[in-house]
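Q: I'm new to this one and would like to go through it piece by piece. Could you take my questions as they come?

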Amino acid sequence: MKFDIHIHSIYSSDGTMDPKLIVKLAKKNNYDGLVITDHNSMKAYKNLDNEGLLIVKGEEVSSCCGHILAVDIKEFIPKGLSIPETIDRIKEQDGIAIAAHPYRFWSGLGEKNTRENKFDAIEILNSRSFKKDNEKAKILARELGLPGTAGSDAHLPYEFGRAWIIIQNDLHKEIKKGAIEIGGYSRNVKGT
């Protein structure tokens, strides 16, 4: 099953897509599921028709020191908390705490913060990050023995579908075990 687990809707301050459009784009591009990860918001899920897709709730939380993807959560997590507190809030909901684009200079956690905290996974392919930053994230995940994930980080319709994961049947378990396939490409790199 093909998923994008990092997408933004109009409920992110910098997002442009209505959640209904995101669902249509996913169907058009033969995705089986998605996670809308708006910046510090879960409003996209209100009255959202899944149209046969598996939609898992999530959020991109702005911790005090960078962005953290909260995947498979039930309730909103506020911004501005410390990294450990943000991770604790995610895990209290049995969610998955992913270090989002750790090497992005304006919103990534950075290497030190990623190394020093108990993440479940690291985003190693973000289609809005440069290839060199994705490569460094991949090396970091390997060094820490953590699974790697991918997501388009789409804010605009044309960005949808640039990075994805493939799972067999259980998103939560397979991400945590690292039993996923990754596809897509980095910023300014063409191809699959």
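Q: What's the strand order in the open sheet that has β4 through β8 in it?
A: That open sheet of five strands has the order β4-β5-β6-β7-β8, with mixed pairing, where strands are DSSP runs of E with at least two residues, helices are DSSP runs of H or I with at least four residues, and both are numbered from the N terminus. Two strands pair if DSSP finds at least two bridges between them. The model is a predicted one, in which local features need pLDDT of at least 70 and side-chain atom pairs count only at pLDDT 80 or more, while totals for chains, interfaces and linings use all residues. Residues are numbered from 1 along each chain as its sequence is written, and side-chain values use heavy atoms, with hydrogens and water left out.

Q: Which strands are at the edges there?
A: The edge strands are β4 (58-63) and β8 (148-151), each of which pairs on one side only. Neighbouring strands of this sheet are turned by 35° against each other on average, with direction ignored; axes here are lines fitted to C-alpha atoms, for helices over the stretch in contact, and angles run from 0 to 180 degrees between N-to-C directions.

Q: And how do β6 and β7 run, parallel or antiparallel?
A: β6 and β7 run parallel and are joined by two bridges, and A99 has I122 as its bridge partner in β7.

Q: Which helix lies across β4, β5 and β6?
A: That is α2, which runs at about 10° to β5 (66-71).

Q: What about the other sheet, what order do its strands take?
A: Its five strands form an open sheet in the order β3-β2-β1-β9-β10, and the pairing is mixed. The edge strands are β3 (54-55) and β10 (181-184), each pairing on one side only. Strand β1 (residues 2-7) runs parallel to β2 (residues 33-36), with three bridges joining them, whereas β1 and β9 (residues 163-166) run antiparallel and are joined by two bridges. β9 and β10 also pair in the antiparallel sense, over four bridges.

Q: Changing topic: how many salt bridges turn up in the whole structure?
A: A search of the whole structure finds eight of them, a salt bridge being a side-chain nitrogen of Lys or Arg within 4 Å of a carboxyl oxygen of Asp or Glu. In general, side chains of opposite charge can pair when their charged atoms come close.

Q: Which residue does E85 pair with?
A: E85 forms a salt bridge with R89, and their closest N and O atoms are 3.3 Å apart. Both residues lie in helix α2 (residues 83-92), four residues apart, which is about one turn of the helix. E85 is partly exposed, with a relative accessible area of 33%, and R89 counts as partly exposed at 30%; buried means under 20% relative accessible area, exposed over 50%, and partly exposed in between, using a 1.4 Å probe and protein chains only.

Q: What does the D120 and K91 pair tie together?
A: The side chains of D120 and K91 meet in a salt bridge (3.5 Å, N to O). D120 lies in the loop between α3 (110-115) and β7 (121-126) and K91 in helix α2, so the pair ties together parts that are 29 residues apart in sequence. D120 counts as buried at 13% relative accessibility, while K91 is partly exposed at 34%.

Q: Which residues are linked with R115 in a network?
A: E111 and E143 are linked with R115 in a network of salt bridges. In the pair of E143 and R115, the closest N and O atoms are 2.3 Å apart. E143 lies in helix α4 (residues 131-144) and R115 in helix α3, so this pair ties together parts that are 28 residues apart in sequence.

Q: Is A100 buried or exposed?
A: A100 is buried, with a relative accessible area of 0%, and lies in the loop between β6 (96-99) and α3. Leaving aside neighbours within four places in sequence, A100 is in contact (heavy atoms within 4.5 Å) with several residues, including H6, E60 and H67.

Q: Last one: how many disulfides are there?
A: The search of the whole structure finds zero, a disulfide being a pair of cysteine sulfur atoms within 2.5 Å. Among the cysteines, C64 is partly exposed at 47% relative accessible area, and C65 counts as partly exposed at 34%.
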